[in-house]
Amino acid sequence: MNGFIFLLLVFGLPAAVGFKMALSRGKNPFLWGMLCVFPFFLIVLYFEKPNYEIKGHFRLCKQCNETFPWKRIACKYCGAPVVDANSD
Ligand SMILES: [Zn+2]
């Protein structure tokens with residue numbers, strides 16, 4: 001039983017984190033969840049940006065076409081302010 005918990009922590013935790021990060025980046029969560037069993041892929045995934053807008057996670061800048069975190073009020077790259085008509 002202890003061994004099972006150990007395995008779950010060692011492999012399950014990075015897989016779960018990878019799953020969530022892949023979802024927020026518009027990538028295949030199952031594929032990335034499996035890859036993230038090797039935590040190296042968590043780092044790869046962390047630096048992977050989506051190339052399109054993912055509501056609630058990443059915005060696409062209308063001016064320079066870069067994606068940046070949803071919570072920001074201005075583009076990280078060119079400084080263009082976020083124009084959000086329906087901010088609910
Ligand atoms: Zn921009």
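In which sense, left-handed or right-handed, does helix 1 pass helix 3? Helix 1 passes helix 3 in a left-handed crossing, a crossing being left-handed if the near helix is turned anticlockwise from the far one by less than a right angle, and right-handed if clockwise. The structure is a predicted model, in which local features need pLDDT of at least 70 and side-chain atom pairs count only at pLDDT 80 or more, while totals for chains, interfaces and linings use all residues. Residues are numbered from 1 along each chain as its sequence is written.

Figure 1. From the N terminus on, the elements run α-α-α-β-β, where helices (H or I, at least four residues) and strands (E, at least two) are DSSP runs numbered from the N terminus. The C-alpha trace spans about 55 × 25 × 20 Å along its principal axes.

**Figure 2. Packing of helix 1 against helix 3.** Helix 1 (residues 2-24) and helix 3 (residues 40-47) pack with their axes 10 Å apart and at an angle of about 15 degrees, the axes being lines fitted to C-alpha atoms over the stretch in contact, and angles running from 0 to 180 degrees between N-to-C directions. That makes helix 1 roughly parallel to helix 3 (angles under 35 degrees count as roughly parallel, over 145 as roughly antiparallel, 65 to 115 as roughly perpendicular and the rest as oblique). Helix 1 makes the contact through Pro-14, Val-17, Gly-18, Met-21 and Ala-22, and helix 3 through Phe-41, Leu-42, Leu-45 and Tyr-46, with two residues in contact if their C-beta atoms, placed from the backbone, lie within 7 Å.

**Figure 3. Asn-65 in the loop between strand 1 (58-60) and strand 2 (67-69).** Although Asn-65 is not a glycine, Asn-65 has a positive phi of about 65 degrees. Asn-65 counts as exposed because Asn-65 has 12 C-beta neighbours inside 10 Å (a residue is buried if 20 or more other C-beta atoms lie within 10 Å of its own, exposed if 12 or fewer, and partly exposed in between).

Figure 4. With 15 C-beta neighbours inside 10 Å, Leu-60 counts as partly exposed. Not counting residues up to four places away in sequence, Leu-60 touches Tyr-52, Glu-53, Asn-65 and Thr-67. Leu-60 and Trp-70, which are 10 residues apart in sequence, lie 8.9 Å apart in space, C-alpha to C-alpha.
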